[in-house]
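Open the model in your viewer and keep the selection tool at hand. Each stop names what to pick and what you will find there.

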Amino acid sequence: MAQTSATASDELAIGLSSFGLVEEVAERARYEQDWSGDHVGRARAVARPRSTAEVQEVVRRCAAMHVPVIPQGGHTGLVGGGTPADSGREVVVSLERMNRIRGIDAAGFSMVAEAGCILAAVQDAARAHDLYFPLSLSAEGSCQIGGNIATNAGGINVLRYGMTRELVLGLEVVLPDGRLFEGLGGLRKDNTGYDLKQLFIGAEGTLGIVTAASLKLHPRPTQVETALLGLPSLTSAVELFAQARRDMGDLLSAFELMPRACIELALEVATDLHDPFDPAPVYILLEAATGGLIELRPILERFLERAVEAGHVLDGVVAASTAQARDFWRLREGLIEAQVRRGRHLRTDVSIPISVIPAFIERTEAALLASAPDCLPLAYGHLGDGNIHLNVVPPKGMVPERIDGFLQHCEAIVFAEIDRLGGSISAEHGIGTKKRAAFLARKPALQLDLMRRIKQALDPDDLMNPGRILEPAMPEGSS
Ligand SMILES: Cc1cc2nc3c(=O)[nH]c(=O)nc-3n(C[C@H](O)[C@H](O)[C@H](O)COP(=O)(O)OP(=O)(O)OC[C@H]3O[C@@H](n4cnc5c(N)ncnc54)[C@H](O)[C@@H]3O)c2cc1C
């Protein structure tokens, strides 16, 4: 017989039982840890409301008993924001059953989707109307649009379409006291006072639970060209980007950097793929896309001719089919899976001015290797956004007890270089609990003061995702 959880005797949990309460311990584990397995906690209860009214009721009941609430999407956030702490005090509110597309306005290029819609389902719904929702990231089969909004997710198309913030026209949000912020109007222009929806985008669930969003759609690109290029150096990658921006303007939609070590790692998991040409020190995965009457292929070809003449590109392949383009992207995705297979490793997500990317990568890798010659630094990412993941795989055979300390040491090296260059320690993934100390140590005092006042104004009892981004009102570990 399935084991039922301790919540069976909990007065609050009994009150939540008609809101999709997860009763079985084994099933609950799924909501108590994230995708990476790095963050694992214990929830007092897990509720899965089906409607905005149900979310309001769950939040009200928790607030009445002074119980903190953790909004949860697809568990793919990488900074511990949506995982309960191990105190067992917090109630997880999963949005997974709020997964309806409420409507699509094809003439107005917009859609209203509930927060629990998987990102890939939002993309599919747009495509079914010959439209395009451009937010795209490797986790798109699992992450939810509510989680994307809460983290202001970026991904591969930021270069052209911006971060999630640029794709949101309106929001519906349940506030920490259960009231409803109704802002789904979806106007493109509305200069009537403060744009309050912006507060909830990127707030990582600390100011309220997003229940639905009005999203901006775009014309569906009918021509997409994908090229994998081999380059002599990191400096040529920056020069090639500048040339691509000038030659192709807004047709350029992705410009991903992968040094050789990343390709080798990706080929370890994508075993049916092969090196597409003679190995090069640096690779760029480039995509350009358009619809309408523009003819894309000749523009790409002229750009590539000029890039080879200038010495920015050594070799390359333009995908001849959708399947080949998909294989190029599988290299990018395989790289992530290959790191996961190597076990615990440092994941960073930093941003710096594009022009200093080569110096940043070279200096940081040199410092890491000087400190631990057998570690594997991997620097790749959305070069066109100045967003690099400088990750570190610990030396093979490192005893598990040493790994935590090693990863902290490596992170300090990466962040020191970021501070020197005036960059950000979190370009896309956010702060959550994982980066909180580093964030609080760096953010200017005035900005922290304003953030704490906003949090206090909306959530005076600190019940909405406490301890994420800002320090909790109640010390951690107390109950
Ligand atoms: C393989 C992989 C690749 C990734 N690539 C990228 C990338 O390219 N770009 C990028 O930006 N991120 C990336 N991420 C990080 C992650 O996918 C994004 O942060 C994503 O937006 C999180 O969505 P989620 O639904 O999984 O949210 P969760 O992980 O469930 O939650 C994330 C945060 O949002 C809050 N939250 C979730 N839903 C709501 C809601 N409805 N209302 C209020 N708060 C809510 C949670 O409390 C938590 O603080 C990647 C992650 C993985 C695993």
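**Stop 1: the second largest pocket.** Select H5, helix H7 (197-200), helix H13 (400-421), helix H14 (436-442) and helix H15 (445-458): each gives at least two residues to the lining of the second largest pocket. Helices (H or I, at least four residues) and strands (E, at least two) are DSSP runs, numbered from the N terminus. H15 supplies the largest share of this lining, 5 residues. Now pick Gly202, Ile431, Phe439, Met451 and Ile469, which lie nearest the pocket's centre among its 43 lining residues. The space here is about 980 Å³. Colour the lining by class and you get 18 nonpolar, 13 polar and 12 charged residues. Ala, Val, Leu, Ile, Met, Phe, Trp, Tyr, Cys and Pro count as nonpolar, Asp, Glu, Lys and Arg as charged, and the others, Gly among them, as polar.

**Before you move on.** This is a predicted model, where local features need pLDDT of at least 70, side-chain atom pairs count only at pLDDT 80 or more, and totals for chains, interfaces and linings use all residues. Residues are numbered from 1 along each chain as its sequence is written, and side-chain values use heavy atoms, with hydrogens and water left out.

**Stop 2: the domains.** Colour domain 1 (6-94), domain 2 (101-219), domain 3 (223-339) and domain 4 (350-421). These bounds come from an automatic or database domain assignment. The centres of domain 1 and domain 3, taken over C-alpha atoms, are 42 Å apart.

**Stop 3: the ligand.** Where does the ligand lie? Both domain 1 and domain 2 give residues to the shell around the ligand, so it lies between them. Select that shell: 34 residues, with Pro71, Gly74, Thr76, Gly77 and Glu428 the closest. H5 returns here with the largest share of the shell, 5 residues. By class, the shell has 12 nonpolar, 20 polar and 2 charged residues.

Now look for polar contacts (pairs of N or O atoms within 3.5 Å). A polar backbone atom of Gly73 is 2.7 Å from an oxygen atom of the ligand. A backbone N or O atom of Gly77 also lies 2.7 Å from a ligand oxygen. From Asn465, a polar side-chain atom lies 2.9 Å from an oxygen of the ligand. The protein covers 95% of the 980 Å² of accessible area that the ligand has on its own (Shrake-Rupley method, 1.4 Å probe).

Stop 4: How many cavities of 30 Å³ or more does the structure hold? There are 4. On a 1 Å grid over the protein atoms alone, a cavity is a set of points where a 1.4 Å probe fits but cannot get out; a pocket is an open set with protein on both sides within 12 Å along at least five of seven lines; lining residues have an atom within 4 Å of a point. A volume is the space filled by probe spheres set on the points. The largest cavity has about 40 Å³. Select its lining, including Gly155, Phe255, His382 and Asp385. E12 gives the largest share of this lining, 3 residues.

How values were computed
A residue is near a molecule or strand if one of its heavy atoms lies within 4 Å of it. A polar contact is a pair of N or O atoms within 3.5 Å; within protein, one must be able to donate a hydrogen and the other to accept it, and residues adjacent in sequence count only if both atoms are side-chain atoms.
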